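Hi,

Here is the structure I said I would pass on. Have a look at it first, then read my notes below.

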Amino acid sequence: MRILLVNPPNCGRSIPEELYGITSLKQIFRGEPLALETLAGNLIQHDVQILDLKVNPDGLHSRLTSFAPDLVGFTAMTCEANTVIKLAGEVRQSCAAKIVVGGIHASTDPEFFNCEVIDWVVIGLGKQSFPELVEAIERDQNTEIPGIARSTKAKKPLSWQPRKYNQSDLVNNAAPRYDLVENYRSHYTLQTLGLKMGLVSSALGCPYDCNFCCIYPLTGGRYLTADIETVIRDILTLEQTPVIRLVDANSFGNPSHAWKLAEAIEKAGIHKQYLADVRSDMVVRQPQLLKRWKEIGLRAVVIGFEEIDDNALSQMNKENSAATNREAIAILHQLGLTIVGDFIISPDYTEQQFDQLHDFVCEQAIDLPMHTILTPLPGTKLHHQVQSQIKIHDLDYYTLTNAVMPTRLNEKLFYQRYASLLHTGHSNAKV
C-alpha cells in the first residue's frame, strides 16, 4: 500500500498581529514530525512517504499526483484542526485515497473529525493501532480496533473501543524513518540560536493530570518508557545531528530508567548534547541524576514552572509548589545546566502580575523563558471548567499565544505586556 503521511502547515492565526500590529510572537523552532517518522518506521511492508507542509506549504497537490497514495494520514494539533479538514477535502477531490487523522486534537476531541472528508480517527497513542488499521484496510476487513473510530460522516456520534495501553504499544522493533525527511532536515533548527536538533523519544505519556494539559489522556495516564536499546538505536541513527531533543513530556519520570539510559549512552561512546523535559520536584529529589546526565552531554532542561505562586499552581492541579520550583532552579544553576522555563499567563493577569513574572524570571536567571497564554484546549479539564467563559471558538486561534477568554486588562495592553515579556526574555536567551 502507498501511504502518505502529512504534517500540516503553520496555520495558526494571531490576534495581536491581526488587531494590534504586534508581530513579535513568532515560532522559534521548527521540529521534524517525529510522530509521523515513528509511524512510518512501523509500516515496513508498505511504500511510505512523509510530506512536511511546514517546510513545503504548497506541496500537497504535486505529491498526490506524483505518489498517488492509497491512504493519506494527517496529524493535527488543535490550532491545525480546521486546516487538516480543508486539506482532507483537497485529497478527497484529487484521488480515491482513504483518509485518516490522528494526533493530539484527534485524541482529545475526536468528534471534531467526524465529518464527510475523514474516514478514520486515531484516538490516543497510535504507534500500534495505526499499523493495525492499515492492515485491516489492506485486507478490506471491517475489524474493530481499540483506539480507532470509523467516521460516521457526521450522521451519528463516533463509537470506538478505548485502548488499554501497555509496553507493546510502543512498538520498539523499528527505528523512526528519519530518512524520509532528509530533504527537509536543514530546516529543523532552533532559528534564533542556530541549533540543529534531532528528536528522540525515550518515554510516552505522563501520570500528572494538569488541568490545562492534553498529554495525560494520550495514554490514559500511563507512563511508558522505551527499551534502553531502542533509545540508543534512535540516537545513533541521527549520526550527523549534534543535539538531541528528548521529546518526552517527562523525560526522567522513571529515575531508574534514566540512570540506565545515561550509563548506556556513555558505554556506547556517544558524544552528543541533549535537551530534556523534567519536573522541578524530580530535580529536587534526584540532583545526582541530573549531574550524571550533565556528564554525558545534557546541556539544558525544559521545566514547566507554569506559575510563580502556590494558589495558581493548585488551580492547575500541577501537584507542585513555588518553593520546589525555586529549589530546583538553584540546583540547576549549581550544576551549570541551562534552564528553559515554561510559564503560563492567565488572561486574568493584572499589570502587577506581569511585573511579578518579569521580576521572577530576571531574579532567578531563567536562561530562556517560554511564555504562553492559558488556553482551554478542547478535551482538557480546563476546557470543561471554563467553557462558559470562552469567547473565541475558532480553533485557528488556539496557538497558546492568543487569549480566547476575556482579558482583565484592556486587550491591546495585555498583548503589549505579553510581547514585552517575550522580547525581554529572548533578547539574551541561550540554550
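**The second largest pocket**

The second largest pocket holds about 510 Å³ of space. Of the 24 residues lining it, Glu 307, Gln 315, Ser 346, Asp 348 and Leu 374 come closest to its centre. Keep in mind as you read that this is a predicted model.

Four elements each give at least two residues to that lining: helix 11 (310-315), strand 14 (338-345), helix 13 (351-363) and helix 14 (381-386). Sorted by class, the lining of the second largest pocket comes to 13 nonpolar, 8 polar and 3 charged residues.

**A residue in helix 14**

While you are at helix 14, click on Val 386, which belongs to that helix. Val 386 has a relative accessible area of 11%, so it is buried, the cut-off being under 20%. Leaving aside residues up to four places away in sequence, Val 386 touches Pro 376 and Met 405. For a sense of scale, Val 386 and Gln 45 are 46 Å apart in space, C-alpha to C-alpha, and 341 residues apart in sequence.

Next, go to strand 12 (residues 273-278). Why do I call strand 12 largely enclosed by the rest of the structure? Because 5 of its 6 residues are buried.

Strand 12 pairs in the parallel sense with strand 11 (residues 243-246), over 4 bridges. In that pairing, Ile 244 stands opposite Tyr 274 of strand 12. To get from strand 11 to strand 12 the chain passes through helix 8 (residues 255-267), and this β-α-β crossover is right-handed.

Strand 12 also pairs with strand 13 (residues 298-306), again in the parallel sense, over 5 bridges.

Most residues other than glycine have a negative phi. Two residues here are worth a look with that in mind.

Val 171 is not a glycine, yet its phi is positive, at about 45°. You will find Val 171 in the loop between strand 6 (148-150) and strand 7 (189-190). Is Val 171 buried or exposed? Its relative accessibility is 14%, so Val 171 counts as buried.

Ala 365 is not a glycine either, and its phi is positive too, at about 55°. Look for Ala 365 in the loop between helix 13 and strand 15 (368-373). With 39% relative accessibility, Ala 365 counts as partly exposed.

Cheers

Terms used
Residues are numbered from 1 along each chain as its sequence is written. This is a predicted model: local features need pLDDT of at least 70, side-chain atom pairs count only at pLDDT 80 or more; totals for chains, interfaces and linings use all residues. Side-chain values use heavy atoms; hydrogens and water are left out. Buried means under 20% relative accessible area, exposed over 50%, partly exposed in between (1.4 Å probe, protein chains only). Two strands pair if DSSP finds at least two bridges between them. A crossover is right-handed if, with the strands pointing away from the viewer, the path from the first strand over the helix to the second runs clockwise. On a 1 Å grid over the protein atoms alone, a cavity is a set of points where a 1.4 Å probe fits but cannot get out, and a pocket is an open set with protein on both sides within 12 Å along at least five of seven lines; lining residues have an atom within 4 Å of a point. Grid points are joined across faces, edges and corners, and a volume is the space filled by probe spheres set on the points. Ala, Val, Leu, Ile, Met, Phe, Trp, Tyr, Cys and Pro count as nonpolar, Asp, Glu, Lys and Arg as charged, and the others, Gly among them, as polar. Contact means heavy atoms within 4.5 Å.
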